Amino acid sequence: MFQDPRGTNSSKFQISEFILLGFPGIHSWQHWLSLPLALLYFLALIANICVITVIHQEASLHQPMYHFLAILAVVDMGLATTIMPKILAIFWFNAKSISLPECFAQMYAIHCFVAMESGIFVCMAIDRYVAICRPLRYPSIITLSFVVKATMFMTLRNCVATISVPVLASQRNYCSKNQIEHCLCSNLGVTSLSCDDRRINSVNQLVLAWAIMGTDLGLTLFSYALILRSVLKLNSAEAASKALGTCTSHLILIFFFYTVIVVISITHSAGMKIPLIPVLLNVLHNVIPPAMNPVVYALKNKELRQGLHKMVRMNFMCN
């Protein structure tokens with residue numbers, strides 16, 4: 001908690017921990033939100049574990065498209081696990097305190113996993129573009145080597161680029177306030193408590209958002225635009241309808257993923273007091289995509305559904 005600042009230089013006074021108050025304005029009954037959040041979290045874990053298990057066990061699914069789905073499942077579980085255990089601890093055990101190193105570590109993990117999810121969206125969009133628009137060249141372009149190189153590039157990019165966020169946040173001087181009206185350690189939410197100039201943190205956040213998220217969103221939308229153009233030229237109405245249905249469901253999740261980031265950024269950049277809705281969206285942003293991605297991306301796939309049914313039947317027979 002606080003150290004006694006009396007008799008010390010206030011410019012050197014440094015708090016030792018932050019207090020995560022939870023959802024602003026509803027502190028008295030916010031624990032009731034723990035049930036739906038916990039259900040979403042466990043759904044995300046179970047669904048993504050099932051996807052990874054099926055892809056691992058079925059030799060017919062050892063293809064680049066399914067490898068990307070498995071990587072997305074791992075990222076989804078990491079993203080949800082970054083925040084949900086602490087949020088549930090706040091609601092169930094009133095464990096609101098978090099040390100500065102733990103807070104900055106969570107901040108880094110959130111940014112890293114969010115950027116990684118954005119990167120995987122790009123890889124999957126490119127995979128679908130080549131499969132639909134360049135089907136004859138697909139086996140020679142989208143290979144296992146391509147999956148490994150793309151994943152390594154995205155991992156290296158996101159781990160290196162986002163490390164500036166917690167590093168700059170840790171260099172601020174937190175000398176008075178330590179209560180955060182949030183359930184997690186968001187960059188701008190934490191640095192707003194600092195006693196010195198935090199403009200560099202805001203600028204860095206903006207640059208990263210445009211450089212990583214902006215580029216990824218542009219590439220993803222461009223790929224799907226080319227896919228839609230190619231699909232609309234198909235002579236088969238059934239094939240075009242199926243492809244449009246798949247693209248539409250994918251784009252809904254992608255727009256939700258990026259729209260929430262924009263809303264949160266605008267709220268902070270405008271210097272507004274953090275209201276309930278952006279905080280709630282920030283939390284849901286880390287649990288809804290992990291829970292829904294296996295359904296939209298994976299379970300709508302016929303081969304994966306068949307593999308899942310096979311796994312369930314085998315487990316039932318063994319029991």
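## Lys300

Lys300 is placed in the loop between α11 and α12 (302-318); helices here are DSSP runs (H or I, at least four residues), numbered from the N terminus. This is a predicted model, in which local features need pLDDT of at least 70 and side-chain atom pairs count only at pLDDT 80 or more, while totals for chains, interfaces and linings use all residues. Residues are numbered from 1 along each chain as its sequence is written, and side-chain values use heavy atoms, with hydrogens and water left out.

With a relative accessible area of 48%, Lys300 is partly exposed, a class between buried (under 20%) and exposed (over 50%), for a 1.4 Å probe and protein chains only. Leaving aside neighbours within four places in sequence, Lys300 is in contact with Gly245, Ser249, Val295 and Arg305, contact being heavy atoms within 4.5 Å. Pro135 is 165 residues from Lys300 in sequence, and their C-alpha atoms are 21 Å apart.

Asn201 lies in α8 and counts as buried because its relative accessibility is 1%. Beyond its neighbours within four places in sequence, Asn201 has contacts that include Leu168, Arg172 and Thr191.

## Largest pocket

The largest pocket has a volume of about 860 Å³. Of its 33 lining residues, Gln205, Ala209, Ile261, Val262 and Ser265 are the closest to its centre. On a 1 Å grid over the protein atoms alone, a pocket is an open set of points with protein on both sides within 12 Å along at least five of seven lines, whereas a cavity is a set where a 1.4 Å probe fits but cannot get out; lining residues have an atom within 4 Å of a point. Points are joined across faces, edges and corners, and a volume is the space filled by probe spheres set on them.

Helix α8 supplies the largest share of the pocket lining, 10 residues.

## Cavities

Two cavities of 30 Å³ or more are found in the whole structure. The largest cavity has a volume of about 40 Å³, and its lining includes Asn48, Leu72, Asp76 and Tyr297.

Definitions and conventions:
Helix = DSSP H or I, 4+ residues; strand = E, 2+ residues; numbered from the N terminus.
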